[in-house]
Amino acid sequence: MTTVIEADGLTKRYGEHVAVDDIGFTVTEGEIFGILGTNGAGKTTTVECLQGLRRPDSGHMRVLGLDPRTAGSRLRALVGSQLQASALPDRLRVDEAVRLFGDGDRRSADRLLDTWDLSALRRSSFASLSGGQRQRLFIALALLNEPLVVFFDELTQGLDPLARSDVWGAISDVRDRGTTVVLVTHFMDEAEALCDRVAVMRSGRIVETGTPAELIARHARSTTVTFTPPVSFDPAALAALPGVDGVSRHRDRITVVGDNRLIAPVCAAVLGDDDLGPPDLRVHHPDLEDALIALISDTRADRPSLVDGVQGSTPEGVS
Amino acid sequence: MRSLLRLAGTEMKLFLREPMVLTFVFAFPVLTVLILGGVFDEDDPAFEGALPSDYYVAAYIGVVIAAIGLVMLPVHLASYRERGVIRRFDVSHFPRWALPAAWIGVAMVITVVAVAVLLVTGYLVYGLPEPHNLAGVVAGTLLGAFAFISLGIALGMALPSARSAQGLGILLFFPFFLLGGAGPPPEAMGEPMSTISELVPLTHAVRSVQEPWLDLGSPTVHMAVLAAIAVLATAGWVKLSRAAT
C-alpha cells in the first residue's frame, strides 16, 4: 500500500503550551484514518499542520510526498478540506460558492449540489443557511475538484441523526472511489462506523493506534449482561459458566461481566419456566467509546514508557 | 487565470451587495459634489483664482479614494478574517496572493466607476474645467487609489474585527475628508489646522489630482508621499498575512 501521509516527531507549541508533542503516524492510500481524543488533545492542530495552515515547530511531515511547509500551493490543488471553524461571505450564494471554489464547470457543480441535497438552496445566501445546511455545503466544497486526500474536522457537527447517517454513507463512497480520508472526531460511533484505523490523542501525544476492533480488544471493558432475575433464581450458578469473570448484585438487578462467549450460556440460564427471559435483559458489547474512555482516563498513558510500548505493538501505525 | 477572474468577479458582486459600500463609495461622494460645488461664492479668493466648483473636483475624487481605502476594504477584510473566510480560502486551490490581488483589482475598478459617476454628476450640474494635464490627473488618481487601497488592506489585516474596522474607518474618514481637501481650502483655515491638513494622507491624494488639473504647481512631493504610503502599507499587509500562521 502506498503511504499518502507521514508525520514523524511533529511538535507545535503555542507559547508555553505544547499543543502537539512529538507525534508520528502514517496514513495509507484509500483508508479512512481517524484522529480521536478529548477537546484540546491537539487533533485540530495536527491536521492544520498537514493542511499547511500552521507551521509546526519541528518534525517531519509529507502529504502525497510533498512537504506542506514548502509545497503548499501544489498541495492545495490535490487536497480537500472541511475546517472546524470557517465561514463563507454572508452574501455569497450556494451556487456561487461551488463555482468559485470548483473548476468552473457548471455541470459538475450541479451534480455535487444534487449529491449533497443543496439544489433547492442554490440561490440562498450563506447567511440564510441553517447549521446543518452550512455543514453539507462545506463537505461538498471539500470534495470539489476530485481531491486525492480529504481532511474532515468534526464531519457531522450540527447535523441531525438522519443527516449524519447519510453523510457517513457518502464518505464511505468517497473512500471506495480510492480517496484517502483523514477524519478528526470526538464521536466514537462515527469513528467506529467509518474509520479503517484510528489514532487516539491525549495532551498532544498519540497514546494508541490501530483498527477500532484492535482498540476495543485491547482497552474496552468486558461484555456485560444485566437483568432482574425471576424470584426463584440463584445467581451463584452463573459464576461457573464459561467466559464469566464476575457476578454482582445491585438492588434487584444482577450484572454479569466477562468476555463475549458468556452471552449465550447466561441467557440460557436465566430462561424461566415459560421459556421467556427477564423482560429487562440488556447486553452491552464493548465499543470504541469504552476503549477511548479507558485510554484517556488512564493516567499511566502520560508516561513515555507506555507510549513506547504502544508504538512497539503497532508497528504499521506509528513510526 | 480563469479561476482568478472568477474570484475577482465574485468579490466585485460581494462588494456591491454591501449597503455600506453603496452608501460611502457611491452615494456620499455624489452628495458631496452637489453640496460643495454650490456652497461658496464664485469669486472667493481662498480658491487660488479657480471657481469653487472647479477647485473641489479633485476633492470629489479624494472622497471616493478615502471611502474605498478607509471604510470599504478594512470592514470587508476584517470581517473575512474574523469569521474564518480567509481560512476557507487558505485551503482552497487559490494561491495565497489571489485574494489580495482580487481586492486590489476590484477596488481599482470600483474607484474608476465611482469617479466616473461623480464626474458625470459634477459636469451635468456645475460643468467641469478642462484638465490642464490629463495624463497627470489620471496618474495622480491611480496612484492615490493604489496607496489608499494598500492602506485599506493593511488596516483590514491589522484590526481584530469588522466592528473595530468600521469604527476606526469612519473615525479616520471624516477628519481626512474635512481636512484633506473636501473641507474648507487651506487658505481659509487657521494656521494650526492648515498644518494638520498637510499631515493628512488624503491631502496628498487630492493635491496630486488637483495640481495637474488646475495647473496650480508641481505634484511631485505629494506623489512621493503617496508612493511611500503604498510601499509601507504593502510591506505591512504582506508581513501581517504571513504572520497569521
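Q: What makes strand β10 of chain A and β13(A) a pair, and in which sense do they run?
A: Strand β10 (residues 223-227) of chain A and β13(A) share three bridges, in the antiparallel sense. Two strands pair if DSSP finds at least two bridges between them, so the three bridges here qualify. One of the links sets A:T226 against its bridge partner A:R282 in β13(A). The structure is a predicted model, in which local features need pLDDT of at least 70 and side-chain atom pairs count only at pLDDT 80 or more, while totals for chains, interfaces and linings use all residues. Residues are numbered from 1 along each chain as its sequence is written, and chains are lettered from A and ligands numbered from 1 in the order in which they are written.

Q: Why are β11 and β13 of chain A called edge strands?
A: The four strands of this open, antiparallel sheet of chain A follow the order β11-β12-β10-β13. Strands β11 (244-250) and β13 (282-284) each pair on one side only, which is what places them at the edges. A strand here is a DSSP run of E with at least two residues, a helix is a run of H or I with at least four, and both are numbered from the N terminus. From one strand to the next the twist averages 15°, where axes are lines fitted to C-alpha atoms (for helices over the stretch in contact) and angles run from 0 to 180 degrees between N-to-C directions.

Q: How do you know how chain A is divided into domains?
A: Domain bounds come from an automatic or database domain assignment. That assignment gives domain 1 as 3-78 + 147-218 + 289-313 and domain 2 as 222-284. The C-alpha centres of these two domains of chain A lie 39 Å apart.

Q: Which strands of chain A form the open sheet with mixed pairing?
A: Six strands take part, in the order β5-β6-β7-β3-β8-β9. The edges are β5 (79-82) and β9, each of which pairs on one side only. Helix α5 (residues 131-142) of chain A packs on this sheet by touching β5 and β6, and its direction makes about 170° with that of β5(A). Helix α10 (residues 288-296) of chain A also packs on the sheet, touching β3, β8 and β9, with an angle of about 35° to β8(A). Touching means contact, that is, C-beta atoms placed from the backbone that lie within 7 Å.

Q: What makes strand β7 of chain A mostly covered?
A: Six of the six residues of β7(A) (180-185) are buried. A residue is buried if 20 or more other C-beta atoms lie within 10 Å of its own, exposed if 12 or fewer, and partly exposed in between, with C-beta atoms placed from the backbone. In a regular strand the side chains alternate between the two faces of the sheet. In β7(A), A:T180, A:V182 and A:V184 lie on one side and A:V181, A:L183 and A:T185 on the other, and both faces are covered.

Q: Why is strand β9 of chain A described as largely enclosed?
A: All of its residues, six of six in 205-210, are buried, so the rest of the structure largely encloses β9(A). Strand β8(A) (197-202) pairs with β9(A) in the antiparallel sense over five bridges, and A:R202 stands opposite A:R205. Two residues separate the strands of this hairpin, where A:S203 takes a positive phi near 50°.

Q: How do you know whether B:I153 is buried or exposed?
A: B:I153 has 27 other C-beta atoms within 10 Å, so B:I153 is buried. This residue lies in helix α7 (residues 134-158) of chain B. Beyond four places in sequence, B:I153 touches B:L73, B:L77, B:P100, B:W103 and B:W237.

Terms used. Two residues are in contact if their C-beta atoms, placed from the backbone, lie within 7 Å.
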